[in-house]
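Please keep the sequence and the model side by side while reading. The paragraphs below move from the whole chain to its sheet, and then to its surface and charged pairs.

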Amino acid sequence: MTAKKHSLIEKGVIKQDFADTEKLLAPENVDKEALQQYAIEAATFSTNYQMPNLEFAVNHYGQPDIAMFDFTSMYAAENASKVVERNGYRLLKILVGDSLLEPFWPTGSGCARGFLSSLDAAWAIRSWSLGTASPLEVLAERESIYRLLAQTTPDNLNKDWKSYTLDPATRYPNFNKAVVLSHQVVALFDTDNPASIERMKRTSNEKVHDIPKKRRRGNLDNEVLLNWLTEQLKEVDGIEITDMGSVFKDGKVLCAIIHHYRPDLLEYSAIIHNDAAKNNQIAINVLEKDLGIPPVMTGSELTMTEDFLSMASYLTEIYDCFRGEIPHVKHPKLDLPVANTKMSEISFKTIKTSNIPPTITQPNRPSSRHKHKHTDMVTQKVGSVDRKPRKRRTMEKVGASVMFHLFLNGFVQAGIVGILLFLLDIIINSEQYGFQNYIFSS
């Protein structure tokens, strides 16, 4: 609860209104007894009139510890750390708590930021003690972390508080230690030996730094994410995406988008009848285990949350994961007309003999000497056919055989016609070729 100026004037806490804040809150312009009564009334109202009669704690002056603060202006340190070097000895100085960033009491952020700044300071001390980084690099990293402290809220901090360690990356999801560079913090290194600064600069320049991959700063716009989901899932029945909350409301959207790109990881038809929390948890487990996307919260929390920043951040990770992949398209099966006789079981021989009347070809009559041998060979051939029936060919093989048969017939017919035309040309132009006498004499 924050008291407004007009309320304090109306209650007689502030005797006279001044535009200057210092004059307005000066001790001579504040009625102490009215301020105590105002505090009691505010506490009683905020506790629904259940607060017992209590006395004020006293300060070091022996007076009730009650005062007014001006929150119209906030103070913060320009820098979080500094190094002092004298006679070859270096001292690292770091600010934490209220001395680093003045708290804003109405929001209760002072205590939380105090703990965060203490952990950040411990990380800087660790880096300083290891000796793997130069003092300028330690200062640059500490100042980069300090840029994040004033922006921290419950929404942009890591939700898994139990995983917090000294490493700032466990607390700040958007942590970038290269926001401030070494050459920008030279003024924070107070030394009596300028040569040490030049030596650290050379050492820093000689180090080979890995070039980080390009990454998007911040999340995608919510409208872009929603349009992408709507376009990808437009063929899925029972899914309607209207806003960020509808994406996680029934738990089907995450499962559907995974099935759309990677049906081998999740079968959408198997989760349709599950509850929302279970569906979200299934999708979260698949995204973490198979695609390497860390969860921001559990399935039940994701179903009921109103933390739209975390939702957008999570969907951006999913978008970045799938945007380079081609969605899996399931082609419909081709329905062929089914006749009374199964076409796949009809061989080429059956087709050929069913349309053409059978003709009996008399084989050349063998001589008496080979008659017995010919009869045995025919009998053996017929018997072998009865014992080993031919395998039935599929439609593809039948089609290929028919096409080859037609092509062969056409080729033979074209060859015969060509030969006839050539002979006819010789007969007609026999004089030109010099074959006339030979032809007629023959």
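What follows is a walk through this predicted model.

Because the model is predicted, local features are described only where pLDDT is at least 70 and side-chain atom pairs only at pLDDT 80 or more, whereas totals for chains, interfaces and linings use all residues. Residues are numbered from 1 along each chain as its sequence is written, and side-chain values rest on heavy atoms, with hydrogens and water left out.

The chain contains 17 helices and 3 strands, these elements being DSSP runs numbered from the N terminus (helices are H or I with at least four residues, strands are E with at least two). Of its 442 residues, 28% count as buried, where buried means under 20% relative accessible area, exposed means over 50%, and partly exposed lies in between (1.4 Å probe, protein chains only). The chain exposes about 32,200 Å², and carbon and sulfur atoms supply 57% of that area; accessible areas come from the Shrake-Rupley method with a 1.4 Å probe, and for residues only the protein chains shown count as cover. Among contacts (heavy atoms within 4.5 Å) between residues at least 6 apart in sequence, 60% join residues at least 24 apart.

How are the strands arranged? The 3 strands form an open sheet in the order S2-S1-S3, with mixed pairing; two strands are said to pair if DSSP finds at least two bridges between them. Strand S2 (89-94) and strand S3 (189-191) are the edge strands, each pairing on one side only, and the twist averages 15° from one strand to the next. Strand S1 (residues 81-86) runs parallel to S3, the two being paired over 3 bridges, and within this pairing Val83 has Phe189 of S3 as its bridge partner. Helix H4 (residues 109-130) packs on the sheet by touching S1 and S2, and its direction makes about 165° with that of S2. Helix H5 (residues 135-149) also packs on the sheet, touching S1, S2 and S3, at about 160° to the direction of S1. For these values, axes are lines fitted to C-alpha atoms, for helices over the stretch in contact, and angles run from 0 to 180 degrees between N-to-C directions.

On the surface, Ile416, Ile419, Leu420, Phe422 and Leu423 form a nonpolar patch with about 520 Å² of accessible area together. Patches are made of residues with over 30% relative accessible area and no salt bridge, like charges being joined within 9 Å and nonpolar side chains (Val, Leu, Ile, Met, Phe, Trp, Tyr) within 5 Å. Ile416 lies in helix H15 (residues 395-428) and is partly exposed, at 47% relative accessible area.

Side chains of opposite charge can pair when their charged atoms come close. The whole structure holds 8 salt bridges, each being a side-chain nitrogen of Lys or Arg within 4 Å of a carboxyl oxygen of Asp or Glu. One of them joins Lys11 and Glu41 (3.5 Å, N to O); this pair links distant parts of the chain, 30 residues apart, with Lys11 in the loop between helix H1 (5-10) and helix H2 (21-24) and Glu41 in helix H3 (residues 32-46). Lys11 is partly exposed at 48% relative accessibility, and Glu41 is partly exposed at 36%. Another salt bridge joins Glu85 and Arg90 at 3.0 Å, N to O; here Glu85 is buried at 5%, whereas Arg90 is partly exposed at 36%.
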